[in-house]
Amino acid sequence: MPPPSAPKPNSKLVPKKPLLMKFGKWAQPRVNALIGRSSKVGDKPFHDKADFPWIARLEANWETIRAEAAAVLGDLEKVPPLAAISPDHRRIAPAGKWRSYFFQGYGYRVEANCAACPKTAALLAEVPEINSALFSILLPGTHIPAHTGVTKAILVCHLALQVPRKAEDCRMRVADQQVNWREGEAFVFDDIYQHEVWNDTDETRIILLVQFRRPVGLLGRLVGGAFLKGVRHSRFVQEARQGLTDWSERAMA
């Protein structure tokens, strides 16, 4: 049986939040404000990648990573759309056009994918306090509407592996700043700021996306760690884990 296609974006497809998630939603802005004040790298939409020395090693090996991506992403129909595995993304994920090849998510490793890309997995193992990592694929004509991330306790690194020739038509807005991807180059941003993505080309964009812990003071670390632990065990993450497992089992059937 072939894997299911992703549903079209619709907020009605997002499951209703249980009480614990509603509390987390209430606590989120308060926790984020505390972490922002505790941040050792400031509180801004984009961050200097030089503050994170491990990024240089990813950039130095980007062609190796891209080669492994090409090998496993040759048939994108076998790569799950984010909306198909994560119910909470169904409000914004374009049907079938935003696909994700996970290496890990909130500390849970996808062993089969790591084994299929051993060099990439080895490089990711060197990232301090990594939270999640994946190949993120945007098919031609994709628009991801404005949205925000989960917590300021993590920052996001994008390493561009495959960028459309009309790079100016493949872009992301974070707050009031816009950025384009350049192959072999990385940038770091805080996804708690509202961001939006467009691929207005006829080519596919592929990046290595890495989430990692923000450097913070002691109080920010304690509070942020507790919030991340709650997210890790929440329905948001657990349903995505189960969705990925179900997709893989159907794909292999």
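This is a predicted model: local features need pLDDT of at least 70, side-chain atom pairs count only at pLDDT 80 or more; totals for chains, interfaces and linings use all residues.
Residues are numbered from 1 along each chain as its sequence is written, and side-chain values use heavy atoms, with hydrogens and water left out.

**Whole chain**

Colour by secondary structure. The protein chain has 8 helices and 11 strands (DSSP runs, helices being H or I of at least four residues and strands E of at least two, numbered from the N terminus). Switch to a surface. Of the 253 residues, 53% are buried (buried is under 20% relative accessible area, exposed over 50%, partly exposed in between, with a 1.4 Å probe and protein chains only).

**The sheet**

Select the strands of the open sheet. There are 7, in the order S1-S9-S6-S11-S4-S2-S3, with antiparallel pairing (two strands pair if DSSP finds at least two bridges between them). Strand S1 (46–47) and strand S3 (108–109) are the edges, each pairing on one side only. Zoom in on S1. Its antiparallel pairing with strand S9 (residues 186–189) runs over 2 bridges. Which residue of S9 is the bridge partner of His47? Pick Val188.

**Helices on the sheet**

Next, select helix H3 (residues 62–72). H3 packs on the sheet and touches strand S2 (98–105), strand S4 (130–138), strand S6 (154–162) and strand S11 (205–213). The directions of H3 and S6 make an angle of about 75° (axes are lines fitted to C-alpha atoms, for helices over the stretch in contact, and angles run from 0 to 180 degrees between N-to-C directions). Move on to helix H7 (residues 218–232). H7 lies across S3, S4, S6 and S11, at about 125° to S11.

**Salt bridges**

Now show charged side chains. The whole structure holds 13 salt bridges (a side-chain nitrogen of Lys or Arg within 4 Å of a carboxyl oxygen of Asp or Glu).

Stop one: Arg66 and Glu183, 3.3 Å from N to O. Arg66 sits in helix H3 and Glu183 in the loop between strand S8 (177–180) and S9, 117 residues apart. Arg66 is partly exposed at 30% relative accessibility. Glu183 is also partly exposed, at 36%.

Stop two: Glu203 and Arg165, with the closest N and O atoms 3.1 Å apart. Glu203 is in the loop between strand S10 (195–199) and S11, and Arg165 is in the loop between S6 and strand S7 (170–174), so the pair ties together parts 38 residues apart in sequence. Glu203 is partly exposed at 23%, whereas Arg165 is exposed at 71%.

Stop three: Asp190 and Arg214, whose closest N and O atoms are 2.7 Å apart. Asp190 is in the loop between S9 and S10, and Arg214 in the loop between S11 and H7, 24 residues apart. Buried or exposed? Asp190 and Arg214 are both buried. Salt bridges with shared partners join Asp43, Lys152, Asp190 and Arg214 into one network.

**Last stop: a hairpin**

Select S7 and S8. They pair in the antiparallel sense over 4 bridges. Met172 stands opposite Val179 in S8. The hairpin has 2 residues between its strands. Finish on Ala175 in the turn, where phi is positive at about 55°.

Conventions:
Contact means heavy atoms within 4.5 Å.
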